[in-house]
Amino acid sequence: MPLAIAAALAACSKQDAATTAAEPAALTLDESKLPPVNRFSIDDLDPGIDACTDFGAYANGKWLAANPIPGDRTSWGAFEMLDERSTAVQHQLAEQAAADTAATGVKKIVGDIWATGMDEARINAQGIEPLAAELAAIDALADGAAIAEYLRTTAAKGGGFLIDFAAEPDFQNPEINIAYASQGGLGLPDSKYYFDADKQAIREAYVAHIAKVLELSGVPADEAARQAADVMAFETRLAKVSKSREELSRDVSLFYNLVEVAEADKLTPNFPWSRFFESQGVAVPEKFSLAIPDFHREVDKALADTDPAVWRAYLRFHTVDGASPFLSDAFVEENFNFYSKTLRGQKEMRPRWKRVLGTINMLAGEALGQLYVQVAFPPESKAKMEALVANLGDALKARIENLEWMSEETKAKALAKQAGFTAKIGYPDKWRDWTGLQTGRDSYLANVLAAREFNYRWNIAKIGQPVDRDEWGMSPQTVNAYYSPLRNEIVFPAAILQPPFFDPEATDEMNYGGIGAVIGHEMTHGYDDQGSRFGPTGKFENWWTDEDAAGFKARTGKLIAQFDGYTTADGLKVNGRHTLGENIADLGGLATAYDAMKKATEGTPDPMTDGLTRDQRFFLNWATVWRRNFTPEELKNRIATDEHAPAQFRAIGAPSNLPAFAAAFQCKPGQPMVRTGEDQVVIW
């Protein structure tokens, strides 16, 4: 479960953005300037390849060969194409917002960040100057006590270097938000990057990057190189006590370690948590979740035994590195060279306008979303989606009722959870209030820091407060969807409700094979290896009998083995355990969507579109969703860090377990896309 235990950054700026209660001024959209959507086409199929032997190549091979990755991307497929379309809409909206110098509310926020972010000349003229005061404060840190105070002060502005601190629903009482503190502090994508033999070249490049950033900030080259080695050694120390992404994704309980504040103070005497809460301006709670206590214990030791000069180098680097995307060109280019080019294989930097939109989405995504839905989400889409969600819910209920391996006792709990699902479609019913966020036209970084502090304070103000179930965790313009186990809700932003996922004018099999399978996927997350640890109300609890839990583990073990058997063309092995939750959701989601499609089309003749049966088109649109090219570096990075299997394996993994797929393409036992007997995985 991607638990959003995430903080933001720092403060500043000009005029007060008025409340968003009033509707923003009308905006327009020129659809002729938008890139095309990516629909399934029969011309994409390769008749020379047997669908039962290599379904991915049959459905997507021609398209993948004809659609190389753009230079400013590290992957290219259905998701990315929709993201480009959403970004093009946002581009028009941001320009209109910036042109309205009298704007208020969300339009002013979007316009101010856009205008200052696009002012390249001013940003370049400012250079490192916007960080001068912060760097001077770091240079003055003389001992562990001063460093601890600095960590508290910067955290209060949203700039948490070592502590991922936020409010989230309590695992045991999900109606109330509590404070969660987790690990942080690493610059590489995962703790494993500091130790795995195949990451040596990346480690060397990272040290060079640290040195370059320090040098750009004003440290002489020789000294920057020495400090970079110290920073890397310090981060390696932290990595030794950090959990990997795989560990965190496969054991959600690691996030929940409820402790009394007094007990936490004893664990980290050099960094007392009672003082931390006071410094953040929130009441000291009786208890909070101190996740990964070994990490915090090690940070506490470092405050006592690490040379303050090492701390200063570490804090200086991360301060400048974190701000680099919003500084002058030299900083932006160095940031791109390591994080995008070296780590992910991106050949070209995205144009400034896309990067600035990325900043707006990161810091004020729902503000921009309030503008986006005015022009880009037709009301009929929401109504049709509501019907699809209801049909998928009925199909999932029937599948649970008919499970042969689960007892009636556990089934009753599973059905209660299904009945409790809340679906959110398109955009929030109640928009977030941005009153108090001050933005202006003087400084890009100032706007960034102001928004980061505002978001952090907005989040931690929820500690001890009832959970607001109207809140969204994604903006409407995001091409994605999610399930929240603590809220037992499924959420589908407006931007994903386009082809190949959803088309109000498309035939049933296309929508069920696209967004229907996505709906089923998110529902099934409630029953994956981690979501199944939460009950109908979102409480972290065991609702399984011992026998059913053992049966579930055995079945998921077979799915782990299936994906462990997949290898990329470059010889990279998929990690079936790391990707288990997503693979369970794919399998359950596709099976549920197929059942719902059959029910929705019951009694209607098969239209045999383009010579393809309804069932064939259902599975082909599923494959269309998962067509995606990766740069070699990006694929390697995702294999190491992503909870999702690479797209080419998602296209074939779930269908190979479904008899309906074999029947649709007249596959024979023994062919690669036919899994039978002990090899077939059936869970939900």
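Predicted model: local features only at pLDDT ≥ 70, side-chain atom pairs only at ≥ 80, totals over all residues.
Leaving aside neighbours up to four places away in sequence, Lys354 is in contact with Asp72, Glu84 and Thr87, and this lysine is found in helix H15.

**Annotated domains**

- UniProt, in an unreviewed entry, places the feature "domain: Peptidase M13 N-terminal" at residues 52–428; over these residues the chain is 63% helix and 7% strand, with the end C-alpha atoms 42 Å apart.
- The annotation "domain: Peptidase M13 C-terminal", likewise from an unreviewed UniProt entry, covers residues 480–680; that span is 46% helix and 5% strand, and its end C-alpha atoms lie 29 Å apart.

**The nonpolar core**

- The largest nonpolar core has 200 residues, and those with the most contacts inside it are Phe55, Trp311, Phe619 and Phe665.
- Leu151 is found in helix H6, which covers residues 144–156, and it is buried, with a relative accessible area of 5%.
- With residues up to four places away not counted, Leu151 touches Phe161, Leu162, Phe271, Leu303, Trp311 and Leu315; Leu151 and Leu315 are 164 residues apart in sequence, while their C-alpha atoms are 9.3 Å apart in space.

**The disulfide**

- The count of disulfides comes to one, and it is formed by Cys52 and Cys667, whose sulfur atoms are 2.0 Å apart.
- This pair links distant parts of the chain, 615 residues apart, with Cys52 in the loop between strand S1 (15–16) and helix H1 (55–66), and Cys667 in the segment after helix H25 (659–664).
- The torsion about the S-S bond of Cys52 and Cys667 is about -85 degrees, so the disulfide is left-handed.
- Cys52 counts as buried at 2% relative accessibility, and Cys667 is buried as well, with a relative accessible area of 13%.

- Just after H7, Gly218 takes a positive phi of about 115 degrees.
- Helix H19 (residues 508–524) also has 17 residues, but its end C-alpha atoms are only 21 Å apart, short of the 24 Å that a straight helix would reach at 1.5 Å a residue.
- H19 bends by about 35 degrees at Gly516, and the helix is mostly covered, with 16 of its 17 residues buried.

**Gly581 and its surroundings**

- Gly581 lies in helix H21 (residues 580–600) and counts as buried at 3% relative accessibility.
- Leaving aside neighbours within four places in sequence, Gly581 is in contact with Arg250, His525, Asp528 and Asp529; from Gly581 to Asp529 the separation is 52 residues in sequence and 5.8 Å in space, C-alpha to C-alpha.

**Backbone geometry**

- Most residues other than glycine have a negative phi, and most peptide bonds are trans.
- Ile292 has a positive phi, near 55 degrees; it lies in the loop between strand S6 (287–290) and helix H12 (293–305) and counts as buried at 5% relative accessibility.
- Asp610 has a positive phi near 55 degrees and lies in the loop between H21 and helix H22 (614–625), but Asp610 counts as exposed, at 51% relative accessibility.
- A cis peptide bond, with omega about 5 degrees, joins Pro499 and Pro500, and the place of Pro500 is in the loop between strand S10 (489–493) and H19.

How values were computed:
Residues numbered from 1 in each chain as written. Heavy atoms only, no water. UniProt positions renumbered as here; feature names shortened; annotations may be inferred. Helix = DSSP H or I, 4+ residues; strand = E, 2+ residues; numbered from the N terminus. Core = buried A, V, L, I, M, F, W, Y, C linked by side-chain atoms within 4.5 Å. Buried < 20%, exposed > 50% of the residue type's maximum accessible area, 1.4 Å probe, protein only. Expected span 1.5 Å × (residues − 1). Bend = angle between axes of the 7 residues up to and from the residue. Contact = heavy atoms within 4.5 Å. Disulfide = S-S within 2.5 Å.
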